[in-house]
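Please look over the chain below before reading on. The briefing then goes from the overall fold to single residues and the surface.

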Amino acid sequence: MKQTASSTLKKRNTFLLILTAFIWGIAFVAQSEGGDVIGAYSFNCIRSIIGSLFLIIVIKLLDKTGLTKKPESKKSQRTLLLGGVLCGFALCIATNLQQMALYLGAPVGKAGFLTACYILLVPILGIFLKKKCGINVWIGVVITLVGLYLLCINDSFSIKLYDILLMLCAFCFSIHILIIDYFSPKVDGFRMSCVQFMVCGILTAIPMFFVDIKPGFKAWLSCFNSMDAWIPILYAGILSCGVAYTLQIVGQKGINPTVASLLMSLESVFSVLAGWIILNQKLSIKELTGCLLIFIAVVLAQLPSKKDHSN
């Protein structure tokens, strides 16, 4: 009976992580357009704070239904605060390194590929934290890397400054995933997500002030007069931050962090498919092959291992 409940929970959380990847994939258009209109740091700062404020409202509503868990002691409050601050710090560094790389001219496809290399870094870092993976997961990681290369890289591959920034970004996202893996069973996911976005927004306000605001406050403020700014901000703030990142925290409970990273790498597939369906961007045979390989890798990673059978 206990094993059946555990299997049901795992399937539910798997679905939540796939839904997370879907929302992030669709959000690609919003992020690219919003950053161009108001500035990369302004976009990251404001969407993070909107995500946090949105979650405060959600938490208030869910508290009344008993679906959220309030900290019961000062120790649990400290654990929640620590987890949220660490997540927010890692998320702030990761997202702003990514934006900096894009600002320096990193092609979007290459940025997507190098960022998604967290699928390789997570299991490597997990070894030091005694997070073991089955051989099917390791094979899935390799297949996913090949699929991401076919999906994202169209030009010659060379190492530049923005490539180094993107690899640091992937490392920070790996740390973010492992922090969530550690804290998600201990705290309420909605509250930790709320804290992480407020921390991320406050920290990102520092480069926002020096890079986006200080050169010309009036010019910066005038950027918000257009719906071209607010539609991407609200989508990214409410859905990408408030909903998707919270689903990540909830969905990672009971899921091996490497398997979770594979599921979330579907973001690249969904972003390409969204471009195909919404923006009429054609997919080449090479890109379709990349999508298929990532899908195969995700399915392979979900197959039960010998360890699962023994349990």
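This is a predicted model: local features need pLDDT of at least 70, side-chain atom pairs count only at pLDDT 80 or more; totals for chains, interfaces and linings use all residues.

The chain has 14 helices and 0 strands. Of its 311 residues, 49% are buried.

**Overall fold**
- Read from the N terminus, the element order is α-α-α-α-α-α-α-α-α-α-α-α-α-α.
- Take the contacts in the chain with a separation of 6 or more: 90% of them join residues 24 or more positions apart.
- The accessible surface of the chain is about 15900 Å². Carbon and sulfur atoms account for 71% of that surface.

**Ala-21, in the interior**
- Ala-21 lies in helix α1, which covers residues 2-38.
- Ala-21 counts as buried because its relative accessibility is 0%, and the cut-off for buried is under 20%.
- Setting aside neighbours within four places in sequence, Ala-21 contacts Leu-263, Met-264, Leu-266, Glu-267 and Phe-270.
- Ala-244 sits 223 residues away from Ala-21 along the chain, yet their C-alpha atoms are 7.8 Å apart.

**Ser-48, in the interior**
- Ser-48 belongs to helix α2, residues 40-65.
- With a relative accessible area of 3%, Ser-48 is buried.
- Beyond residues up to four places away in sequence, Ser-48 touches Phe-197, Cys-200, Gly-201 and Cys-241.

- One of its members, Lys-75, is in helix α3, which spans residues 74-103.
- Lys-75 is classed as exposed because its relative accessible area is 61%, and exposed means over 50%.

**Nonpolar surface patch**
- Met-100, Tyr-103, Leu-104, Leu-161, Ile-164 and Leu-168 make a nonpolar surface patch of about 630 Å².
- Helices α3 and α7 (161-183) each supply at least two residues of this patch.
- Helix α7 gives the largest share, with 3 residues.
- Leu-168 is in helix α7. Is this residue buried, exposed or partly exposed? Leu-168 is partly exposed, because its relative accessible area of 42% falls between the cut-offs of 20% and 50%.

Notes: Residues are numbered from 1 along each chain as its sequence is written. Side-chain values use heavy atoms; hydrogens and water are left out. Helices (H or I, at least four residues) and strands (E, at least two) are DSSP runs, numbered from the N terminus. Buried means under 20% relative accessible area, exposed over 50%, partly exposed in between (1.4 Å probe, protein chains only). Contact means heavy atoms within 4.5 Å. Patches are made of residues with over 30% relative accessible area and no salt bridge: like charges are joined within 9 Å, nonpolar side chains (Val, Leu, Ile, Met, Phe, Trp, Tyr) within 5 Å. Accessible areas come from the Shrake-Rupley method with a 1.4 Å probe; for residues, only the protein chains shown count as cover. A salt bridge is a side-chain nitrogen of Lys or Arg within 4 Å of a carboxyl oxygen of Asp or Glu.
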